[in-house]
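Okay, thanks everyone, I'll keep this short.

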Amino acid sequence: AQLRALGDAGYLELARRTLEATRKIVAGVAALPGIRVLGTPEMSLVAFTAEGGGPAAFAIADAMKTRGWLVQPQLQGPGSPTNLHLTISAGHLAVADRFLADLRAAVEETRAQPADPGLMMLLQSAASMDFTMMSDESFAQALALVGVRDGQLPARMAGINALLDALPPAAREAALITFVNDLYAPHVPETGGVASETSPSK
């Protein structure tokens, strides 16, 4: 239906603008120091990684979010390094220059940030962590190091993503299951009473 509404010429124009936006963004991203475009993007889908691995890439995603851009972080997997993923459409051509300027500023901002020693220590021990055997207190301490407190996710997700990225796949899955289970587990108040449900006030 959309193709009929646009017509062949309209569809070709959208494709041309998408291709132009892709080429412009890929060239701009590739020109940034410490950034590497993955593969040779032909159209629409672009992935790039940052020198410094996951912590650097995830910090860039957070810095872009504060500037109003959603840059999707992707954890490392078989044959794929940690990266940031873009889906480009024809509409991005009009904002490509602004996006690239904000990305340049985000990269510079993250380079200037000192590494969090607590997070670095946690990431170094991540390979040996077994979330299925952790006490609730130990799990809460690990989450606090990446900014999760009282079950609330932080505004900046770089620490959480860096931890998940550093974990072996089985530990990553166990950590996510443990966290989600904790979100939905009933919590008993400190007074020792039983938690009760209340209706929202009208």
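When I say contact, I mean heavy atoms within 4.5 Å. With that in hand, among contacts in the protein chain between residues at least 6 apart in sequence, 66% join residues at least 24 apart.

Quick housekeeping. This is a predicted model, so to speak, with local features needing pLDDT of at least 70 and side-chain atom pairs counting only at pLDDT 80 or more, while totals for chains, interfaces and linings use all residues. Numbering runs from 1 along each chain as its sequence is written, and side-chain values use heavy atoms, with hydrogens and water left out.

pLDDT is the predictor's confidence in each residue, from 0 to 100. The protein chain averages 84, and 87% of the residues score at least 70. Over residues 193-202, though, pLDDT stays under 50, and the model has four contacts beyond four places in sequence for that stretch.

Now the layout. Helices (H or I, at least four residues) and strands (E, at least two) are DSSP runs, numbered from the N terminus. We get seven helices and four strands, in the order α-β-β-α-β-β-α-α-α-α-α. Buried means under 20% relative accessible area, exposed over 50%, and partly exposed in between, using a 1.4 Å probe and protein chains only. Buried residues make up 36% of the 202 in the chain.

Let's go to α5, residues 136-145. Which residues are buried there? Phe139, Ala142 and Leu143 are. They sit on the same side of α5, because they cover an arc of only 100 degrees around the axis, the arc being that of the directions from the helix axis to the C-beta atoms. Leucine 145, also in α5, is partly exposed at 38% relative accessible area. Leaving out residues up to four places away in sequence, leucine 145 touches Asp116, Gly118 and Leu122. From leucine 145 to leucine 122 is 23 residues in sequence and 7.7 Å in space, C-alpha to C-alpha. After α5 comes glycine 147, with a positive phi near 95 degrees.

Last stop, arginine 172 in helix α7, residues 169-184. Arginine 172 is buried yet has no salt bridge, which would be a side-chain nitrogen of Lys or Arg within 4 Å of a carboxyl oxygen of Asp or Glu. The nearest side chain of opposite charge is aspartate 165, 4.4 Å away; for charge, Lys and Arg count as positive, Asp and Glu as negative, and His and the chain ends are not counted. What does lie by the arginine 172 side chain's polar atoms? The backbone oxygen of leucine 164 is 2.8 Å from one, and that of aspartate 165 is 3.4 Å from one.

Definitions and conventions
Polar contact = N/O pair within 3.5 Å; in protein donor to acceptor, adjacent residues only side chain to side chain.
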